[in-house]
Amino acid sequence: MPLPLPNLDDRTYADLVEEARSLIPIECREWTDHNPSDTGIILIELLAWLTEMVLYRVNRVTDKNVETFLKLLNGPEWKLEGDLQAAIRETVLELRKPNRAVSSKDFEELALAWKSDKGYVRRSRCIPNRNLKQKKSTDRNIHAPGHISLVVVPETSGETSAFIKDLQEYLDEWRLLTTRLHVVEPNYVTLKLKAQLYLEEGANPTKVGHKAKSEVENFFHPFNSHTHWNGKGWPFGQNVYFSELYQLLDRLPGVDYVRGINLEVPDATTTELTKTSDANSSQLTLTDDNNLTSIILNDDELVAVQVDRNSFTMMEHKGGEWKPITNLTE
């Protein structure tokens, strides 16, 4: 669909006079005489006549002048090739494209649209006033005016460091001179899941185990969560609540109820999880009896969950009591 060019000469003498007269009660209530013989009305009609002549000349710009204006907009190397009206439309469309990254949304959209021979960005999250390239967690969470950190989940077939470097160089051309941009990958909090699944009578424990593993991996997936999180993956900085895991596993076909969910942190030094209320690091939320109820994540963190066939203990009701199933098949 061609872009319609604006008609700059679209207001007549009568339109201008009527608009000016309608503003009199708003701008000057004491002015009550609106007859053609009134001096003010005469001035309005005179100015409307002069304005109409100026507007008429606006649309009478020569083709040579238009071509000169287009060269100012497109650069000194630009030359008219083909139809002038088509060149005007192309220039206006080009002007509507963003040529600077200012807001957080600008950086996120530019990163998602960028592709290279090394891969592309699956997800992006811009965090203003933060320098996430700092090594210490306390330094990463300090308010840093002028700094912007862009957290990206890359889809690459090789080493991501070269990909991150290329993306940084590309975005540096779009940022403002006063902006210090830092492109980083997410900080993954590694969690190992354990749970007891109490099965309904007649349920296939092998199928339930496979389904439970698939649902948990899908739930925490960083960019392909299918039925969860609108299919966009685990949200950046989304806290992990045990209640959600209980609900997730309890809905599985063949599961009567769930108990004993536990999340271990195999690499606590990397994720820097603490049992304190320090806002500069991820937190373990504990109950009064020291049971873990949730894990509070930072804005740049995602979850890397570890689930295998030993993560779930299948319980069956046998002989009037619940007993673990030990003879599971693959």
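User: How do β2 and β3 pair, and over how many bridges?

Analyst: Strand β2 (residues 119-128) and strand β3 (residues 147-156) run antiparallel, joined over nine bridges. Two strands count as paired if DSSP finds at least two bridges between them. This is a predicted model, where local features need pLDDT of at least 70, side-chain atom pairs count only at pLDDT 80 or more, and totals for chains, interfaces and linings use all residues. Residues are numbered from 1 along each chain as its sequence is written, and side-chain values use heavy atoms, with hydrogens and water left out.

User: Which residue in β3 is the bridge partner of Gly119?

Analyst: That's Thr156.

User: And what does β3 do with β4, parallel or antiparallel?

Analyst: Parallel, over five bridges. His147 has Arg180 as its bridge partner in β4.

User: OK, what's the strand order in that sheet?

Analyst: The order is β1-β2-β3-β4, in an open sheet of four strands with mixed pairing. β1 (115-116) and β4 (180-184) are the edge strands with a single partner each, so one side of each has no neighbour in the sheet. Helices and strands here are DSSP runs numbered from the N terminus: H or I of at least four residues for helices, E of at least two for strands.

User: Is β4 enclosed or open, then?

Analyst: Largely enclosed by the rest of the structure, because four of its five residues are buried. Buried means under 20% relative accessible area, exposed means over 50%, and partly exposed is in between (1.4 Å probe, protein chains only).

User: Which strands does helix α7 lie across?

Analyst: Helix α7 (residues 160-172) lies across β1, β2, β3 and β4, and runs at about 155 degrees to β4. Those angles go from 0 to 180 degrees between N-to-C directions, using axes that are lines fitted to C-alpha atoms, for helices over the stretch in contact.

User: Switching to salt bridges. How many are there in the whole structure?

Analyst: The search finds 10. A salt bridge is a side-chain nitrogen of Lys or Arg within 4 Å of a carboxyl oxygen of Asp or Glu.

User: Which residue does Glu155 form one with?

Analyst: Arg122, with the closest N and O atoms 3.2 Å apart. Glu155 is in strand β3 and Arg122 in strand β2, so the pair ties together parts that are 33 residues apart in sequence. Glu155 is partly exposed at 28% relative accessible area, and Arg122 is partly exposed at 29%.

User: What's the N to O distance for Glu19 and Arg11?

Analyst: Their side chains meet at 1.9 Å in the model. Glu19 is partly exposed at 38%, and Arg11 is partly exposed at 34%.

User: What about Arg175, which side chain does that one meet?

Analyst: Asp172, in a salt bridge at 3.0 Å, N to O. Arg175 counts as partly exposed at 24% relative accessibility, and Asp172 is partly exposed at 29%.

User: Which residues are linked in a network of salt bridges?

Analyst: Asp117, Lys118 and Asp166 are.

User: Now Trp234. Buried or exposed?

Analyst: Trp234 is buried, with a relative accessible area of 0%. You'll find Trp234 in the loop between α8 (205-220) and β6 (240-241).

User: What does Trp234 touch?

Analyst: Leaving out residues up to four places away in sequence, the list includes Arg123, Phe219, Phe220, Trp229, Leu297, Leu302 and Val303. A contact is heavy atoms within 4.5 Å.

User: Last one: how many helices and strands in the chain?

Analyst: 10 helices and 12 strands. Of the 330 residues in the chain, 35% are buried. The accessible surface comes to about 20,500 Å², with 51% of that belonging to carbon and sulfur atoms. Accessible areas come from the Shrake-Rupley method with a 1.4 Å probe, and for residues only the protein chains shown count as cover.
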